[in-house]
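User: I'd like to go through this one and check what each label rests on. Can you set the values against the cut-offs for me?

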2 protein chains.
Amino acid sequence: MTQKAQQLVNTEISNNGPLQGLFVVDMSTMMAGPFSAMMLADFGATVVKVEEPKGDPSRKSGWPVNGTSVWWRVFGRNKETVTLNLKHHRGHELMLKLIERADVLIENMRPGKLEALDLSPEALQKLNPGLVILRVTGWGQDGPYSDRASFGTQAEAMSSFVYMNGQPDGPPTLPAITLADNAAGYLGAFAIMAALWHREKNPAHKGQVIDMSLFEALFGFFGPFVPAYEKLGVVIKRKGSRSAAFAPKNIYTAKDGGFVAISCAAEQVVPRLFETMGRPELYKTEKYSTVQARFKNIDELDGLIQDWIGQHDRDDIIARLTKSGVPAAPIYSIEDVFADPHFKARELIKSAPADDIGSIAMANVAPRLSDTPGALRWSGRALGADNHKWFVDELGLSEAEFAELKKAGAI
Amino acid sequence: MTQKAQQLVNTEISNNGPLQGLFVVDMSTMMAGPFSAMMLADFGATVVKVEEPKGDPSRKSGWPVNGTSVWWRVFGRNKETVTLNLKHHRGHELMLKLIERADVLIENMRPGKLEALDLSPEALQKLNPGLVILRVTGWGQDGPYSDRASFGTQAEAMSSFVYMNGQPDGPPTLPAITLADNAAGYLGAFAIMAALWHREKNPAHKGQVIDMSLFEALFGFFGPFVPAYEKLGVVIKRKGSRSAAFAPKNIYTAKDGGFVAISCAAEQVVPRLFETMGRPELYKTEKYSTVQARFKNIDELDGLIQDWIGQHDRDDIIARLTKSGVPAAPIYSIEDVFADPHFKARELIKSAPADDIGSIAMANVAPRLSDTPGALRWSGRALGADNHKWFVDELGLSEAEFAELKKAGAI
């Protein structure tokens, strides 16, 4: 451990999270597995990230700050980091010692690769019957595509998200964020807790294996679209910012060029909108009194709303609509998010300590637990920062052995 | 309970989920809260959905099948359903009796409304100190916007998702799915389990309150964008289907008009792509050998890839790329999802029993737990289907009282 890393450990923000005492080994790489592991760490679990000695790929994934990518700095946060060469027999041995103590193992190799490393779930659960193993893959552990290379992009493309995303006269459009990995990050953390809950309530105290595919994690977001197709033949096409389920919903342009998003997801919002426009009579006309009628006349209705909004500045429109109880919002860039007073008051963005650069801002832990909130204790640490702690202090290597394994490339 | 509903209960698919024995009261409405509650029910918890006597708004939320919306049929699945008028003193009393037995309460009223119903978290936790309460709002329980009406659209608009979503020359674009609610659905289920875990490990066995805002749940998906702005001033603009972090990534058009999504999220994929194109030399040229260089020459590079793909049919291109280990995917509509052989093999879509229409298809429970998998036991039930079970059999009302409360509008 470098002196700076040591300082960081000494000054760390106290851990008051609900998952204190839980021990997680995270050997997964970009991005769903590390995201699930980060959530457990955010809420207080001890998470040891096991990297190859050459470093996790996310350390080099773009947007470097002082040579280390922001991806690592975020998804490595609140974790302790060690390096292990799992193909070296001493590295493999140390991995088994970590897993022996673990409640949870997270991995994201293609099906069969973990087994090829002599770390099959069967063997690991013989070593540690309480172990919960989250296995993250693009396609799942079985089925015709299970051997395929995969990234979240495929899940986004094949889930119908991309087919529906974009303007009616434009091409299908991928999202700008790693959507499938994000969904899987949240879902994997839940599934781990569900399996742990069962273990605690089960007299045999047994763990189990969780088979999570990125595709299936994202597809959980398409609930109503499945029966709508099966029973009604509904296939939603790209509709820009309009909704397939209700109307009006769209993004309009204000006088000053700012954008305003309005959504009438509940029927009672519609008359409020018309009143705010100074046109309460619209809700009484046949054209606009029901959702079916508004769908039929949506071009005309969107024209009326655009005419009204085009006469006022963005912030004025949003203030009026907000006052009337109509959900309305500006379109924010990340810069705008930083500046917003509500987000400042809620501490949406917070600085995490960083051993080499002082601190770095990231999205705060969410949601908030009243008694045992999570915390940003530190950002992703330097490569091997916790090797000495884990291999010498915890697993009992001598200083000589530690130096030898380092030299041999086992750690 | 109707005779048909009774039949359903008698023939239900057995519950082998990890959360058996957990008791959840779900008084939340569209869509994040009901989604979290559905996940707990999918994995075996007993979830009692408490609706207003006139019915949950999701029953009428569009795409009706035999008069009941698919939204209700999906998000009501695996739950037992009762009606209660919380403004009637007998309805309120029955609610307290349910909450007294509960591990979890889920609500999504605006801040202060639960308190106005005389159901403040403080009072409920006095009644039941182990109670975990998930409070879902658009903006959180405090801060300058906490009183505002809100839907997920605002979170999507203000998170920077919409700002980055769309073509470079097109408008910002809302997603076609209820993205913020979906993210919050997954996150809320995790947070509940984390709070329950703490309760079990804590000698005082105390529950706590979870303050979850839709905005913050979605903003967790923007991890690396926050420090990229803080440290590097990066503000990502709309780039169509290209990535801001690596290249190439895009959607290309095949000879037969089909779309192909390709993502080189890992560097080793790039030479594989060039080899499959029959142009291995590209990776050796200065123009395309590094991610920085490829970004600089992205229009030209995308042109080369498009030229190649435009000479072949979609399925041929995908087969070639897949064989070479390049992640590639077609753009699927929901109809295509139903037809795909891998998804069929994995039982991605499954029929859930429905008392009035036999069965209805929906996304299967995910992920898969090896020993205690979740199951689709039934789809959203008829209004008040479980009133008799809960109010007479469980809470001890006489048949006469039950009839009387029904008549009085308390249930």
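User: What makes β7(B) and β8(B) a pair?
Analyst: Two strands pair if DSSP finds at least two bridges between them. β7(B) and strand β8 (residues 209-213) of chain B have five bridges, in the parallel sense, so they count as paired. One bridge sets B:Thr137 against B:Ser213 in β8(B). Strands here are DSSP runs (E, at least two residues), and helices are runs of H or I with at least four, numbered from the N terminus.

User: Which strand does β6 of chain B join, and over how many bridges?
Analyst: Strand β6 (residues 104-107) of chain B runs parallel to β7(B), with four bridges between them. B:Val104 stands opposite B:Val132 there.

User: Before we go on, what are the ground rules?
Analyst: The model is predicted, so local features need pLDDT of at least 70 and side-chain atom pairs pLDDT 80 or more, while totals for chains, interfaces and linings use all residues. Residues are numbered from 1 along each chain as its sequence is written, chains are lettered from A and ligands numbered from 1 in the order in which they are written, and side-chain values use heavy atoms, leaving out hydrogens and water.

User: Why is β7 of chain B called mostly covered?
Analyst: Buried means under 20% relative accessible area, exposed over 50%, and partly exposed in between (1.4 Å probe, protein chains only). Six of the six residues in β7(B) (132-137) are buried. In a regular strand the side chains alternate between the two faces of the sheet. Here B:Val132, B:Leu134 and B:Val136 are buried on one side, and B:Ile133, B:Arg135 and B:Thr137 on the other, so both faces are covered.

User: And B:Gln268, is it buried, exposed or partly exposed?
Analyst: Partly exposed: its relative accessible area is 48%. B:Gln268 sits in the loop between β10 (259-263) and α12 (269-276) of chain B. Its C-alpha is 9.7 Å from that of B:Gly325, 57 residues apart along the chain.

User: Why does the charged end of B:Arg381 count as sitting over the ring of B:Trp378?
Analyst: The rule wants NZ of Lys or CZ of Arg within 6 Å of the ring centre and within 35 degrees of the ring normal. The charged end of B:Arg381 is 3.9 Å from the centre of that ring. In chain A, the charged end of A:Arg377 sits over the ring of A:Trp378, 5.2 Å from its centre.
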